[in-house]
Amino acid sequence: MRTRTLTLSAAVGAALLAVAALPANASGTTAPRSAQEGSVSAAALLAKVTSCSQISNGKYRTDEETSATIPVCGKNGAVFWKADLDIDCDGQVTAKCNADTDPWFQDDTAFHQSDGRALRADSLPYVVVPSSSSIWKYTSSGIKGGGVVAVVYNGKVEYAVVGDTGPTQIIGEASYATANALGIDPDPETGGADTGVTYILFKNSQVSPIESHSAAVSLGDSLARQFLANN
């Protein structure tokens with residue numbers, strides 16, 4: 001998990017404008033999948049999270065120098081928040097995620113694959129949750145490593161797992177693979193989305209093995225349908 005300053009955010013904005021002027025794929029990133037995962041639409045999920053029953057004791061920042069405005073909200077069977085998406089490239093060293101491509105790179109994740117290795121950020125969709133603090137303790141809400149998350153952005157739903165933990169006061173981060181699948185620039189230094197990302201974490205869920213994305217999609221789709229029925 002990394003923290004970004006407002007100065008960097010401004011630079012990122014300029015870079016994104018420059019990329020937007022380039023032809024398709026000129027930025028060198030892999031084109032995201034266009035098909036949505038699962039049978040539940042983004043609109044259906046978002047319709048259930050229009051209001052917030054705050055369960056966190058305080059609110060989170062989206063970046064180091066922003067004010068704390070993001071609460072963790074409770075629903076039947078899930079918790080959710082609406083924030084930005086910073087790119088997490090932590091875990092296994094790959095061509096896309098390493099100390100050269102990511103100034104904040106760490107070669108480990110809070111939760112590990114079934115073989116004991118760190119997760120692989122450029123191929124596994126995962127989400128970062130804030131480390132436990134007086135603001136919120138994720139485990140007390142039934143959230144655990146490998147838990148299923150529906151990440152909703154720009155009309156798309158991507159199922160991910162809880163894969164890493166971050167700073168105690170900052171929220172809104174997911175892996176390179178999550179961003180890429182949602183059509184968000186996954187570059188760990190200049191990518192991400194400033195706003196508009198909804199994270200719905202299903203309570204008491206766990207994908208096994210954690211590195212199986214197909215298992216996350218299957219379980220996530222089932223839990224999303226339950227979520228719609230129970231809220």
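**View A. Y176 in helix 3.** Y176 sits in helix 3 of this predicted model (helices are DSSP runs of H or I with at least four residues, strands are E runs of at least two, both numbered from the N terminus). Is Y176 buried or exposed? Y176 counts as buried, because its relative accessibility is 8% and buried means under 20% relative accessible area, with a 1.4 Å probe and protein chains only. Leaving aside residues up to four places away in sequence, Y176 touches I87, D88, C89, K96, C97, A121, D122, P186 and P188 (contact means heavy atoms within 4.5 Å). R120 lies 56 residues from Y176 along the chain, with 9.1 Å between their C-alpha atoms.

**View B. The largest nonpolar core.** Here are the 59 residues of the largest nonpolar core, where W81, Y199 and F202 have the most contacts inside it. Such a core joins buried Ala, Val, Leu, Ile, Met, Phe, Trp, Tyr and Cys residues through side-chain atoms within 4.5 Å. Strand 2 gives the most, with seven residues.

**View D. Helix 4 and its packing.** The buried residues of helix 4 are H213, A216, V217, G220, D221, L223, A224 and F227. They pack against helix 2, strand 1 (73-75), strand 2, strand 4, strand 5 and strand 7.

**Notes on all views.** Residues are numbered from 1 along each chain as its sequence is written, and side-chain values use heavy atoms, leaving out hydrogens and water. In this predicted model, local features need pLDDT of at least 70 and side-chain atom pairs count only at pLDDT 80 or more, while totals for chains, interfaces and linings use all residues.

Definitions and conventions:
Buried < 20%, exposed > 50% of the residue type's maximum accessible area, 1.4 Å probe, protein only.
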